[in-house]
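Here is a friendly walk through one protein model, from its domains down to single peptide bonds. Keep the structure open beside you as you read.

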Amino acid sequence: MTTKLFGEPVRRREDARLVTGQGRYLDDLGPGALAAAFVRSPHAHARIKDIDVSAALDVEGLVAIYTWEDLPGALAEPLPLLIPHPALTHGRTAYPLAKDIVRHVGEPVVMVVAEDRYVAEDACALIEVEYEFLKPVVGVEEAVQGGNLVHEDVPGNVGAHMVQEVPSRDGRSAAEMIGAAPHTLEFRLDIERSACMPLEGKGVYARWDADDQSLRVYSSTQTSTSVRMAIAAKLGLPLPKVEVIAPDVGGGFGVKIVHPWPEEILIPWAARTLDREVKWTEDRREHFVSSAHERAQVQHVRVGFDDDGRILGLDVTILHDHGAYTPYGIIVPIITSTQLLGPYKIGAYRVEFSSIYTNTVQVTPYRGAGRPQGVFCMERTMDRVAAYLGRDRTEVRAANFIGPAEFPYDQRLIFQDGRPLIYDSGNYPESLRMLKELIGWDSFPEMKARAAAEGRRIGIGVGCYVEGTGVGPYEGGHVQVTSDGRVHVSTGLTSQGQGHETVFAQIAATELGVPIEKVSVVTGDTRRFGYAVGTFASRAAVMSGNAIALACRKVREKALRIAADALEADPRDLEITDGIVHVAGTPSASIPLATVAVLSNPLRYAFDEEAKRATQFSGATSMDRPPVEEGEEPGLEGKDYYSPIRSTFASGMHAAIVETDPETAEITILRYAVVHDCGKLINPMIVEGQIHGGVAQGVGGALYEKMVYDEHGQLLNASFMDFLMPYATEVPRIETAHLETPSPLNPLGIKGAGEAGVIPVSAVIASAVEDAEGITIDRMPISPSDLHTLRLRLAG
C-alpha cells in the first residue's frame, strides 16, 4: 500500500463548502415551518401561581400555546439524568416546561407555536405569569450555609460529595505526609463562572410523517444518536420510526452534548401533535440564560514539600457550583479532581469536592471540562512552591515529573469513565526542554532586565497538563466500497468544526490504498449509523478514527481475498495502490477495487460478462470461484466498533510572555508557545488549528470572559455588549512544536487533541502576570481593574 495520507497536512475538505456559504445549518432548514418561542422565567427562584394566556389567544397567526399541564405521559416527567454517580446522592433535573417552581432566570415556562417567530414572540409578550418570589441562592459559599434551599429536599444545597485519597507508596496519608514535610503552604484559589459562545446557538427542526407514523428531527447537537433515543422514549415512538440528523453545526464546545434539551423533545412533540413542521432556533440572550455555563469553583489547597520542591503531600478541597440542575451529573468536578495531578507524581494526595446547587444556569462541560480548574490549582501550587524556595519554576516542575521509563503510570485514582487513571505514554522532561527552547526561557531574565530599564513590566509563565482523551465506551464505523470505486464512510458521532470529513477520509484512504478524492464521510446521521456516544472529551479521532480503521481493515481483507481469487494469487502478495489491487512488484497483474466491489455482490451464480471483461482486461485469469464465502454477507463493506480498555492521555506544556501597563494595568500577551503530545498525528494542520482555537478560548477565560450574577440571581452581562471576548487583536501568534509518543492502547497510536489548547491558559497567564508584577494571582480571570486593585492592596 503506497497511498499513505495518515500524518499528512491535508487541507480541510469541508472548508470550501463552508466559507462559500454552502453550509446547511439548522436555521437554513424548514423555511416554511411553524416557529416556536418560549416564555422564560425572569426570576431566579419563584413559585408559579398562575399562567394567563387569554390575551395571546387572539393574536393572528397563533397556532398553539403549551404549559406543563398540557404535556402528556413521559413528556411531563423531569428530563433524564444522563450520568448517575454514587456520590450524586441528590441529582435533580428540570421539567421540559417548568412545573410549580422556577429555579433560574431563563427557565422555560410556556411554549408558543405560531406561523412565524415574530408572531410567536408577540404572543409570548402577552402571556402573564404570576410568581411568588422565593429567596435565591447565589454563590457556593452562600449555598453551603443552607439558609435557603434551591431544592427543598436537598439539605445544605449539596448535590454530591466525593473524596478520593491516595496514600504514599509506603502507606502514609496526605495529612501525615504534609504534617511531616519540611515545608508547607496553605492558600485559596478561585475560578469564575464562564460559558461557551458558539456562533450558532441550539436549534431543532422536526417534521412528522402521518402516513408511516415516523418522525425526522434535525438538531444542532453533539450527539444525534442519543437525542434520537431520548425522543423515542419521551414520545413513546418505536426507535426505528425516529431519525435524527445533525446538519452543519456552528460550534458546540460541550453545550450541545447535553441531551435532550427541553426544546429537543418539545419541538418534535409539537410537530407530531399539530401534524406540521415546527422549528425553533435559540437567540443569543436565550443562550446566555437558558443553555449551560461552566468553570466556577473555589479551591482550598494544603501542600507539603521538600527542599527540592518535590510534593510530598497534597490536600485539595473544592466547592463546585453546578447551578440549578445536574443533567450531566458530576463529570466536571470528577475531572477537576483527577486531572489536577497533571504530569506529576505526588507523594500522597487527598481531594474532596462538594457539588453545590445555586439559582443559576446549570453547569455542564465546556471545552476543557474541569481540566482548566484542575490545572490552575496544580500549576499555581507549583509556582507557590518555587517562590517559597526561591527556585526556578521549571526546576520545581521537573523535580516532580513522571519519568519516561515509568509508563504506564498508575495515579491510583478512578477517572471519569469509571476506570483506573493510568497514563499510557508520554515524555514530560522532553516536552519541558522543547518548551523552554521555544519560548527562550533561559534567556528571559536578560530580556526582562532590558524591559525594566525602559520602564516596562514583562513576565514569563508556564503551565503543564495531562488530558484524558478517547473515553469510551465505544464508537463505530461503517465503510462501503461501491461499484464505481468510491468509498463511503459513516460514523455516528457528530461534527462541529473538527475536520472529521478530512481526518476520517485520510484514515480510510490510507487503510484502503485509495485516493482521498474517492472517499466521502458522513457523521451525525442516524439513517447511516444508529449507535454512537457523541463528540466531546477529545474523543472523536481516538474512538471513531480507530473504529473506521478497523472497518477498513475488514473491507481490505475481503477485497484482497476476492482479488486473489480473480488474479490466482496469494492475498499476502497483493497491495492496493490508488484504488488498484495488484501483485506486489507486478503492476500488470491487477484488478480495480471498483471491479472487486462488483464481484463481491454476484447477482447470479455465473459471473456476468462485464465483470469477466473487466478482470480479464486487468490481467485476472480466473473467474470460476464464488466471491462470497459461505456465511459471508455480499457487498464490499465492513462495520466495526472500537471500545478502549481505558482512556489514553495526551499532554502538553504552554508558556507565555506578557506585558502589564504600569498606568492602565492592561495585560498584553507578547508571545505564546505550545508543546503538545497527542500521539501520532493524523493531520498536523488540523491539530495546529485545534490548538490555536483552544488557546484563543483560553485567553478569553484568562482575561475577559466572566458571567456576573447579582444577589438576586440576575445575569448582569447577558449580551455581547457586556460579556467580553477576545478579538483576533487580543490573541497572539501561537508558536507550536509537537512531540509524538504513540499510545499503546489503540491500533492507530493516537490521542485526542480537541481541548488541549484551552486547558492550561489561565494558569500560564496567571504565572506570567505574577512574574511581571510581583503580586500573587489567586483568582481568574484577571482584568485590568482586578490587577489595579491588587496593586493598590500591595501598596498598602
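Two strands count as paired if DSSP finds at least two bridges between them. Keep in mind that this is a predicted model. Strand β23 (residues 580-583) and β24 (residues 586-592) meet that rule, because four bridges join them. The two strands run antiparallel, and V583 has T586 of β24 as its bridge partner. Two residues lie between the strands of this hairpin, and G585 takes a positive phi near 80°.

On its other pairing, β23 is joined to β22 (residues 574-577), again by four bridges and in the antiparallel sense.

## An open sheet of four strands

Now for a sheet with mixed pairing. In which order do its four strands lie? The order is β18-β26-β27-β28, and the sheet is open. Its edge strands are β18 (457-469) and β28 (734-738), each of which pairs on one side only. On average, neighbouring strands of this sheet are turned by 15° against each other, direction ignored.

Within the sheet, β27 (residues 667-677) and β28 pair in the parallel sense over five bridges. Helix α11 (residues 428-439) touches β18, β26 (648-660), β27 and β28, and its direction makes about 145° with that of β27. Helix α12 (residues 444-453) touches β18 and β26, with a direction at about 140° to that of β18.

Stepping back, the domain assignment divides the protein into domain 1 (32-134 + 202-281), domain 2 (297-471 + 645-795) and domain 3 (473-642). The centres of domain 1 and domain 3, taken over C-alpha atoms, are 41 Å apart. Their contact takes 19 residues from domain 1 and 17 residues from domain 3.

What do domain 1 and domain 3 bury between them? The figure is about 1,300 Å², with 49% of it on carbon and sulfur atoms. Eight residue pairs between domain 1 and domain 3 are in polar contact, while the count of salt bridges is zero. On the side of domain 1 that touches domain 3, α5 (224-235) and β11 (242-245) each supply at least two residues. Helix α5 gives the most to that side, with five residues.

## Backbone details to look up

Where do the cis peptide bonds described here fall? One joins G472 and P473, with omega about 5°; P473 lies in the loop between β18 and β19 (475-481). Another runs from M780 to P781, with omega near 5°. You will find P781 in the loop between β29 (779-780) and α19 (784-795).

One more residue to look up is N157, which has a positive phi of about 60° although it is not a glycine. N157 sits in the loop between α3 (140-145) and β7 (158-166).

Definitions and conventions: Residues numbered from 1 in each chain as written. Predicted model: local features only at pLDDT ≥ 70, side-chain atom pairs only at ≥ 80, totals over all residues. Heavy atoms only, no water. Axes fitted to C-alpha atoms, helices over the stretch in contact; angles between N-to-C directions. Contact = heavy atoms within 4.5 Å. Domains from an automatic or database assignment. Buried area = accessible area lost by both parts, 1.4 Å probe. Salt bridge = Lys/Arg side-chain N within 4 Å of Asp/Glu carboxyl O. Polar contact = N/O pair within 3.5 Å; in protein donor to acceptor, adjacent residues only side chain to side chain.
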